[in-house]
Amino acid sequence: MTKCIAFHSYKGGTGKSTISANLSASLAKKGFTAVLLDVDVYAPSLQDYFQWEPKKSINDYLFENANVDEVIHDLSTLLNKFPSNNGEETNSSKGKLFVAFSSTSKDEIYKLDGAVRQEGSKIQLLRKFLMLREEIVSKYNADFIIIDTSPGIRYWSINSLAIADTIFLSLKLDGIDLKGTRLLAKEIYESLTKLGTKSYLLLNRAAGYCLPPGQAGEKTSETQEIYSNTVGDQKTVISKLNEDVGMDTILSIPCYCDIQFDSNEFLTALRYPNHPFAGNIDTLIEKLQEMKS
Amino acid sequence: MPEVSIPGLSSLVDKATAEKITSGIILLMSPPSGGKTLFCRQMITDSLQNESGCIYINSSITRKEYENLFNQVTDANLKNLKFMNPYLMPINNKEADPSASINEPKLSATLQEIRKTIDEWSSSVTNTIEGTQQGSASAFNGLAKCVIVLDSLTHMFTIFEEDKVLKFVNALSFIIKELESIALITMSGTQSSNESVLNKLSSIFDIVLEIEIQEDPDKVKRKLKLLSIKGTGNKSSSTVFSIEQDGKLKFEKESSQKSKLSICGLCKAPILEEPEYYLDMPFHHNHVKIYMKLAGAFGQARVSDVGPSGVIDAAFFFVDVVGLSDPALSVRRQIEKIEALNDMIGHCETFKKASDKRVLPTGDGMAIGFMLSPESPLQLGIDLHQALKKYNMHTNKEDGSFFDVRIGIASGSVFIVNDVNSNQNIWGPGIIFARRVMDVGDGGHILLAGPLAESLLALDDKYKSIINLLGEFQVKHGQILKIYSAYSPNEFGNPAIPIRFKS
């Protein structure tokens, strides 16, 4: 049975695309069939992760200018491009990685935005969106459909949440994100979880990986204290947040400077399988498998 | 004919079929907590109200539990209800029925008790109506039914040996046949889990029902499914029901027959399978929860934007056989041509691949609505012409076997309408335009209404070489239509200007 997971957030920049792309690639590497959908239609970015320029996009499918096979791109060869954990060059798993991209063309984004404002076309688009999921399930025999959504309360993000059976709400632990997350939990998630959708918080860029700046990298008692306080405060915030929004935190991914400041977005989990970020993605997969069983 | 009261039956079969069901044995399967016992109670209380006599056989409850179960039945009706627990049945060797050959004293005693009860009711009925015939069957016939409910067979298997229970059921079936009455037998589990028993008793059951539980976070949703019914061509159907606080079964909605066309309340596409209902709106099975989620997230008022409507947009293909009503053509030849047309269209790839379509036979042809792709009607026209070309290689005009069609294609809105048989059908400008456009053409023409032709021309350059503007034409009621003709010499279509157009 296909598991459909949507990554959502209140604000942008919380790591939805990074985590969803890396999760999809890692799932495929582990032998699953994963289909990643870029439904962040207003700011699509997955093309950068996969270095892929699709001829046909989800927009074409929605407007009936392409069939499902034209917009679902088989990127499984990527799995062989990077060494696996044991250093081997090739991927021996039978996993498959498929990705459907949103169009990055300004005109296409305007067109889609305009079409959802008209009742007639809005319904046609929703129907096609529902069909996309159904066709992926039936034609691609997907184990996982991973949806990278737009942030906030927007037409396509809500539709994505409605067709998902599991939602990961990614957030950073800053004041605005926390406030927005509470709003989402109350206004949107409550109605979805009542109908069986599982929703979890996914903390990104949490403290814990890098030490605060010390003098020449020395671990002074002062930096140690700041570090301990920050991590301690964070735990309190998370615990209170879980209680407030009635959602569990499935994973807390620390802030990795080496990912944040790289000039290109990349698939860390594939490229650097021993990076702690890849370990976090593996943990997420283990938790998903526990949910499935 | 006395009425039989099978809960939910009217939602599962059409009225005519329901009226024909006056006797027989019904099997009801259900998982635990499916509501079997409450279903039995409902059938009994409804039957008592219809002045039937009821025998309730349950090997797992005590008399006190039975009294609690039926505490809402009036005293007047209660006298027509007899409770029997085979496990607690006193054994009287002298009265044991050797003909049953059950070799299980308690089951034999239960059978005896059933017969005795029926005899008592028969005589009481006979006593009140002078001159009626004697005998149990005749006494119930025309006055009241005897309804026997056995709840449950699964529990009986835990107490008695299986072959003895099967013999008991077999003997019971003869009693029912004699009485021309009705029995309900329940089993725990599903069709697949009960396969072995079902195989042994398959000839006995006239109707097989199954309750399915659908987990819902808010409430348990139960579905009563008709799996089979003897002697009718009824397709499987189902209806959703809930159990009220007082234990009564409430059937939500009369099920829609498969021949009806419903429009999904979420995606507004026709529902080709059996619809699911929510707030009286039909949905595709996969779309109910999504609709509910969207309603919760957007709000009910906002989600109504994507909610149900009686109007859908589609592209239409209208075809008829040229000269079919020619009196020189024999009826046999006419039928051959209609069958050949149906067969050819049925084998066209475009027709086979289109999942969202609606076919309306028109006598000498058909109209097909394609709900999703505006390209499908033209592609079907091309496919059909190619199939016709092959077909006509073996025909000739002299003997009337030569076959020609004219095709009209248009798009537009259609309304969902109920026809005289209460089936939902489609009718509206979209289908009417296609008909009008077709009427302009002669044999071999594939004509398109302006808006659809222009949208195809804008969609793909490949159409520029095959779709040609004919001009404007005044059709019925003075309406002016812009008409295009699709053709490719020697492949499909007819490059000639239609005769009506010239005039």
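This briefing covers the cores, the chain contacts and selected strands and helices of the structure.

The model is predicted. Chain B has 503 residues, and 41% of them are buried. Its secondary structure comes to 18 helices and 21 strands. The largest nonpolar core has 138 residues. Chain A and chain B touch through 19 residues of chain A and 18 residues of chain B.

**The largest core**

- Seven residues have the most contacts inside the core of 138 residues: A:Ala34, B:Phe316, B:Ile409, B:Ala434, B:Val437, B:Leu447 and B:Leu448.
- The largest share of this core comes from helix 11 of chain B, residues 288-298, which gives eight residues.
- Domain 2 (262-306) and domain 3 (311-502) of chain B both contribute residues, so this core lies between them.
- B:Leu447 shows the local packing: beyond residues up to four places away in sequence, it touches B:Ile407, B:Gly408, B:Ile409, B:Val437, B:Met438, B:Val440, B:Gly441, B:Ile483, B:Tyr484 and B:Ser485.
- In soluble globular proteins, nonpolar side chains tend to be buried together.

**Helix 11 of chain B**

- This helix is mostly covered, with 11 of its 11 residues buried.
- Among the buried residues of helix 11 of chain B are B:Val288, B:Ile290, B:Leu294 and B:Phe298.
- The buried list for this helix also includes B:Lys289 and B:Lys293.

**Where the chains meet**

- Three elements of chain A each give two or more residues to the side that touches chain B: helix 6 (119-140), helix 7 (155-163) and helix 8 (175-193).
- Helix 6 of chain A gives the most, with seven residues.
- By class, this side of chain A has 10 nonpolar, three polar and six charged residues.

**The sheet of chain A**

- Chain A holds an open sheet of eight strands, in the order 3-4-2-5-1-6-7-8, with mixed pairing.
- Strand 3 (73-74) and strand 8 (248-254) of chain A are the edge strands, and each pairs on one side only.
- Strand 3 of chain A runs antiparallel to strand 4 (residues 96-100) of chain A, and two bridges join them.
- Within that pair, A:His73 stands opposite A:Val99 of strand 4 of chain A.
- Helix 1 (residues 16-29) of chain A packs on the sheet. Helix 1 of chain A touches strand 1 (3-8), strand 2 (33-39), strand 4, strand 5 (144-149), strand 6 (166-171) and strand 7 (198-206) of chain A. Its direction makes about 165° with that of strand 5 of chain A.
- Helix 7 of chain A packs on the sheet too, touching strand 1, strand 2, strand 5 and strand 6 of chain A. Its direction makes about 150° with that of strand 1 of chain A.
- Helix 7 of chain A is also one of the elements on the side that touches chain B.

**A hairpin in chain B**

- Strand 15 (residues 357-361) and strand 16 of chain B run antiparallel, joined by five bridges.
- The two strands form a hairpin with three residues between them.
- In the turn, B:Gly363 has a positive phi of about 100°.
- B:Leu360 stands opposite B:Ala367 in strand 16 of chain B.
- Five of the six residues of strand 16 (residues 365-370) of chain B are buried, so this strand is largely enclosed by the rest of the structure.

**Contacts along chain B**

- Among contacts in chain B between residues at least 6 apart in sequence, 63% join residues at least 24 apart.

Methods
Residues numbered from 1 in each chain as written. Chains lettered and ligands numbered in written order. Predicted model: local features only at pLDDT ≥ 70, side-chain atom pairs only at ≥ 80, totals over all residues. Core = buried A, V, L, I, M, F, W, Y, C linked by C-beta atoms within 7 Å. Buried ≥ 20, exposed ≤ 12 C-beta atoms within 10 Å, placed from the backbone. Helix = DSSP H or I, 4+ residues; strand = E, 2+ residues; numbered from the N terminus. Domains from an automatic or database assignment. Contact = placed C-beta atoms within 7 Å. Nonpolar A, V, L, I, M, F, W, Y, C, P; charged D, E, K, R; others polar. Pairing = 2+ DSSP bridges. Axes fitted to C-alpha atoms, helices over the stretch in contact; angles between N-to-C directions.
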